[in-house]
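Subject: Structure handover

Hello,

Here is the structure you asked about. My notes follow it.

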Amino acid sequence: MQPLTLRRLVLRCTALAGVLFVVVVLALKLGAVQVSLYGLAQDLIRFALHQTKEISSNYSLIVFDIRLPRILLGVFVGASLAVAGTSFQALLRNPLADPYVLGVSSGAAVGAILAVMIAPHLALSPDAAVLLTPVGAFFGALVTIAGVYLLGQRDGEIDSTTLLLAGIITASFLNALIMLLLNLISGRDHGGMSFWLMGDLSTPLQDNLQWVMRAGFFLAAGAIYTTASDLNLLLAGEKEALHLGVDVPRVRIVVYVAASILTGLAVSVSGAIGYVGLLVPHVMRMIFGSDHRILIPAAAFGGAIAVVLADMLARTVAAPSELPVGAMTALAGAPLFIYLLRRRMA
Amino acid sequence: MLLRGAFFARRNAVDEPRLSRGAFFCFEADTLVRGADLRIGKKFWRIGLAGTVLASALLCAGLMRAQAPGVPNSPSAPNAPNVGGAQGQQQDNEKNSGTKPAQETAPSSGSPSGSSGGAHAYREVVDETGRTVRLPQPVERIVSLAPNLTETVYALGLQDHLVGDTEYCDYPPEAQKKAKVGGTINPSIEEVAALRPDVVLVTSINRFETERALDNLNIPVYATDPHNVEEILNSTIKLADVLGAAQNGVTLAGEMQQRLSELQQRIGELEPRRVLFVVWAEPLISVGKNTFIADALRKAGAVSIVETTQDWPKVSLEEVVRLQPEFLVFTTQNDEKAPDLLALSALPGWRSLEAVRNHHFVLVSDAVNRPAPRIVSAIEDMAKQLHPEAFVDGPGGPPPAAPEKLEKPNTTPQTIPPAEFASLVQNVAGVCAEPEVTICNR
């Protein structure tokens, strides 16, 4: 393992940020409606110089009002999922740990469906009604992850195998519940929910929700990053880490709560986008090594890149129809995972 | 310096073998533990926390700023030039801006605002889901997000104003040539926005999310939500008024009602056939009693054996065998279903149905699945197949309907005499025109 220097960290992050920037520009350009690269570049430069008045109106509505919010949402969702996945994998010392394996997405889906079902019975203003689904999903995610945490304890200690098994069982139980509830909701909501279950970034967030998403991401990811060096030691095992001076219970609580919040935020606004939290940490670990002080920011960038790319494919492959993002990540993710697995064995 | 000392190794620290790099599951932690520099400095987490909070505040501010100036203009402002990006749109623009003054008075409009306001007139209407929609007047660019709405727009003679529809809009055939914005569930919002619609029409098959996304872009969305044949007629009248062709709507609905009344005279006093409407054969999905299809069946002199409030119930075949429907109703596109029926007849369960043994199948075009004016033809078609005896003699038909026998409350076909209907039409038109409409000139 190479010792970490500030220079290495900054270099890695700059490189990844550059890739992310290229992907974002590409995603801004590509879509159902053709946008010329030259016009887009002009507009972006004007945008960067805050000459917003001079932006040519040709693409401004499509690029800046439709694509940009969606891409930013994808960036935050991807980064949240990947950081949560990285920290769960380190905390549970299990390469399979992933927000989705732990049942969080199913819990969020149940919360969202329940919110859709009770929405007509509450006299809410339209603005509040719009917030109900993400809020329901968020609480569904948190309740599930707290339940899995309690189920995963053994003699007052967290046992990573028990926790994973508890997560898998909870997920399959909740999935059965989802199938049941989906039969009870009416046609219009049904179509929406079944799309939501496969991951969907097409609904823009309200401004205030975007604030919540961003602030929540930076706070939770920051909290996880403060434990980066502890996570490195935790890879040796909890006892070993304890002997080396790591306050294991504190790290466990910080990482667990922060990663749950990240997952809850991501799932509540985008539905279930699988494979990002599982695969991106592994890919990043192959490239940058398993030092979490580099791995966590790298995974954040990697997750953002992966989701923005997947969403770009979802928007363009069957244009003008849109495909669910979750289907794209699973289609690309599963073969990649198998490839990595075989390569490692060889 | 503190940071470098605490968190990062110094450059000349012991160089260790890069063992874990490239490993897939990097949990071989003994190589990690040797790096003594991995955990130095207990105060690091405070510094890190402060740093992240600061960074997050900065980034949030930056991103909010990037978002906010976006584009304040509303896409529906008719004066905004060239908002659409695609080349085809440019031509449309030219054509439109050229003909706009001429078209302002073109489609006869029931409301006075249609011709008075010019380019800046707006009209507020309440759609069938109770949302208030603010529409620019006159409505010149319509995007339809459902096949039945596309059909209705064509039936109202507004096809020149229809600038985009979905991939499923296949009737009339010319509708397939319109610009496509994707499917009904998953249309591309940017495609819709690029068409600069004055109004986007949605119905109960579209997602709320699509509606909300368009709302956020200030694109007016008008939703229809008919649940039975009467509501299809009323919905047509109201939609016509909203789109500025009120007279066409009343005429069209009048014709539809006329045909339905004639049909009722022929088959009104006949006993309704007990049928099973097959939406999907395996698994068997039928229609609930609150759907417009169930109502169309009633109008065609039939009653569905499935009585549930669920809209698209999955029905047990056992139950069907017990209830023994007289006819099975299938929808078809281009007679594709014919071989399917033979295969179905051979299956256990299905073959013990009287209707299958007697080949009592009713094939009806998929117009019956669409709450659009064409449903009347589908109803007539079903009636002819269900009650052939009522159609053997000439157009005179059997004597006018005697008072219906009230066997089951919801099986009795409802008839509205033409006179009553005329008042109904006026009512609906009046409701549309007066209390809900406010005109604001800007």
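Two strands count as paired if DSSP finds at least two bridges between them. Helices (H or I, at least four residues) and strands (E, at least two) are DSSP runs, numbered from the N terminus. This is a predicted model, in which local features need pLDDT of at least 70 and side-chain atom pairs count only at pLDDT 80 or more, while totals for chains, interfaces and linings use all residues. Residues are numbered from 1 along each chain as its sequence is written, and chains are lettered from A and ligands numbered from 1 in the order in which they are written.

Chain B overall

Chain B has 16 helices and twelve strands. Of its 442 residues, 40% count as buried. Buried means that 20 or more other C-beta atoms lie within 10 Å of the residue's own; exposed means 12 or fewer, and partly exposed is in between, with C-beta atoms placed from the backbone. Two residues are in contact if their C-beta atoms, placed from the backbone, lie within 7 Å. Among contacts in chain B with a separation of 6 or more, 62% are between residues 24 or more positions apart.

Strands of a sheet pair through backbone hydrogen bonds, either parallel or antiparallel. One open sheet in chain B has four strands in the order E9-E8-E10-E11, with parallel pairing. Its edge strands are E9 (302-304) and E11 (361-365) of chain B, each pairing on one side only. The twist averages 40 degrees from one strand to the next; axes are lines fitted to C-alpha atoms, for helices over the stretch in contact, and angles run from 0 to 180 degrees between N-to-C directions.

Strand E8 (residues 273-278) of chain B pairs with strand E10 (residues 327-332) of chain B over four bridges, in the parallel sense. Within that pair, Phe277(B) has Val329(B) as its bridge partner. Helix H11 (residues 292-299) of chain B packs on this sheet, where it touches E8 and E9 of chain B, and its direction makes about 150 degrees with that of E9(B). E8(B) also pairs with E9(B), in the parallel sense over three bridges, and here Val275(B) has Ser304(B) as its bridge partner. E8(B) is mostly covered, with five of its six residues buried.

H15(B) lies across E8, E9, E10 and E11 of chain B and runs at about 165 degrees to E11(B). Val376(B) lies in this helix (residues 375-386). Is Val376(B) buried or exposed? Val376(B) counts as buried because it has 22 C-beta neighbours inside 10 Å. Leaving aside neighbours within four places in sequence, Val376(B) is in contact with Met256(B), Arg259(B) and Leu260(B).

The five-stranded sheet

The other open sheet to look at has five strands in the order E5-E4-E3-E6-E7 (chain B), with parallel pairing. At its edges are E5 (179-180) and E7 (221-223) of chain B, each of which pairs on one side only. Strand E4 (residues 162-165) of chain B runs parallel to E5(B) and is joined to E5(B) by two bridges. Asp165(B) stands opposite Lys180(B) in E5(B). Helix H6 (residues 147-155) of chain B packs on the sheet and touches E3 (142-144), E4 and E6 (199-202) of chain B; the direction of H6(B) makes about 140 degrees with that of E3(B). Helix H8 (residues 208-216) of chain B also packs on the sheet, touching E6 and E7 of chain B, at about 150 degrees to E7(B).

Backbone details

The peptide bond from Gln137(B) to Pro138(B) is cis, with omega near -10 degrees. Pro138(B) is in the loop between E2 (132-137) and E3 of chain B. The bond from Tyr171(B) to Pro172(B) is cis too, again with omega near -10 degrees, and Pro172(B) lies in the loop between E4 and E5 of chain B.

Two residues other than glycine have positive phi values. For Arg196(B), phi is near 45 degrees; Arg196(B) is buried, with 25 other C-beta atoms within 10 Å. For His359(B), phi is about 55 degrees; His359(B) is exposed, with 9 other C-beta atoms within 10 Å.

Regards
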